[in-house]
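Q: I'd like to learn how to read a few features of a protein model. Can we go through them one at a time?

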Amino acid sequence: MVEVTVTPRLSVADQPVQIRVRGLSPSQLVTLRAWLKDEQGQCFQSRAFFRADGAGEVDPMLHAALGGSYSGVWPMGLFWFLQPDTLFQRLVKRDVAGSPFHVRLEVFDGLCLDVDPREQLLGSCEAERWYVGPGVQRVPIREGRVRGALFLPP
């Protein structure tokens with residue numbers, strides 16, 4: 001059974017996470033895909049192709065991506081290289097304190113250039129990426145022509 005994990009599952013957006021895939025065959029070629037929907041419902045995704053090591057594991061922190069949205073060793077590459085499905089869209093988080101981005105991580109057998117119902121999903125998990133830590137207070141600032149927000153730690 002293939003297992004995809006992200007540690008920690010809940011994290012602040014600037015905190016690194018570790019992604020691991022276990023339970024693959026040694027040297028198996030797989031596609032690791034990350035995707036999310038923003039607050040307007042636009043889909044953003046990235047993908048990277050990996051060859052499992054001798055133990056049947058893939059760890060983007062140790063193993064180089066062979067292609068896809070990026071190549072080489074980029075531990076956070078699946079998050080950093082998210083691209084919109086619709087051209088000229090930007091990934092922006094408007095409600096930074098109220099809700100996280102839910103990033104879905106999926107692993108497919110072989111090279112998957114597009115998500116197709118015929119593609120074999122081997123495993124998946126979900127990560128929550130928050131933009132404000134627990135207990136942080138947001139205070140709106142309006143003074144003359146100055147507009148902004150002050151974020152106070154707990």
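This is a predicted model: local features need pLDDT of at least 70, side-chain atom pairs count only at pLDDT 80 or more; totals for chains, interfaces and linings use all residues.

Q: Which helix and which strand each supply at least two residues of the lining of the largest pocket?

A: Those are helix H1 (77–80) and strand E8 (101–109).

Q: And how do the residues of that lining divide into nonpolar, polar and charged?

A: You get 11 nonpolar, 1 polar and 2 charged.

Q: Where does the charged end of arginine 129 sit?

A: Over a ring: that of phenylalanine 79, at 4.9 Å from the ring's centre. Lysine 93 is another case to look at, lying over the face of phenylalanine 101 at 5.0 Å from the ring centre.

Q: Now for rings with rings. How many aromatic pairs does the structure hold?

A: There are 4 aromatic pairs. To read one, check the distance between centres and the angle between planes; over 60 degrees counts as edge-to-face. Tryptophan 74 and phenylalanine 81 are an edge-to-face pair, with 5.3 Å centre to centre and 85 degrees between the planes. Both partners are partly exposed: tryptophan 74 has a relative accessible area of 35%, and phenylalanine 81 has 24%.

Q: Why is the pair of phenylalanine 101 and tyrosine 131 edge-to-face?

A: Because the planes of their rings stand at 85 degrees, with the centres 5.8 Å apart. Phenylalanine 101 belongs to strand E8 and tyrosine 131 to the loop between strand E9 (121–130) and strand E10 (137–143), so this pair ties together parts 30 residues apart in sequence.

Q: Is phenylalanine 101 buried or exposed?

A: Buried means under 20% relative accessible area. Phenylalanine 101 comes in at 4%, so it counts as buried, whereas tyrosine 131 is partly exposed at 38%.

Q: Which residues do ring pairs link into a cluster?

A: Tyr70, Trp74, Trp80 and Phe81.

Q: Last one: what is leucine 10 in contact with, leaving aside its neighbours within four places in sequence?

A: Glu128 and Trp130. Leucine 10 itself lies in strand E2 (residues 10–12). For a view of how the chain comes back on itself, take alanine 127: its C-alpha atom is separated by 6.1 Å from that of leucine 10, although the two residues are 117 apart along the chain. With 46% relative accessibility, leucine 10 counts as partly exposed.

Terms used: Residues are numbered from 1 along each chain as its sequence is written. Side-chain values use heavy atoms; hydrogens and water are left out. Helices (H or I, at least four residues) and strands (E, at least two) are DSSP runs, numbered from the N terminus. Buried means under 20% relative accessible area, exposed over 50%, partly exposed in between (1.4 Å probe, protein chains only). Contact means heavy atoms within 4.5 Å. Ala, Val, Leu, Ile, Met, Phe, Trp, Tyr, Cys and Pro count as nonpolar, Asp, Glu, Lys and Arg as charged, and the others, Gly among them, as polar. Rings of Phe, Tyr and Trp (its six-membered ring) pair if their centres lie within 6.5 Å; planes under 30 degrees apart count as stacked, over 60 as edge-to-face and the rest as tilted. A charge sits over a ring if NZ of Lys or CZ of Arg is within 6 Å of the ring centre and within 35 degrees of the ring normal.
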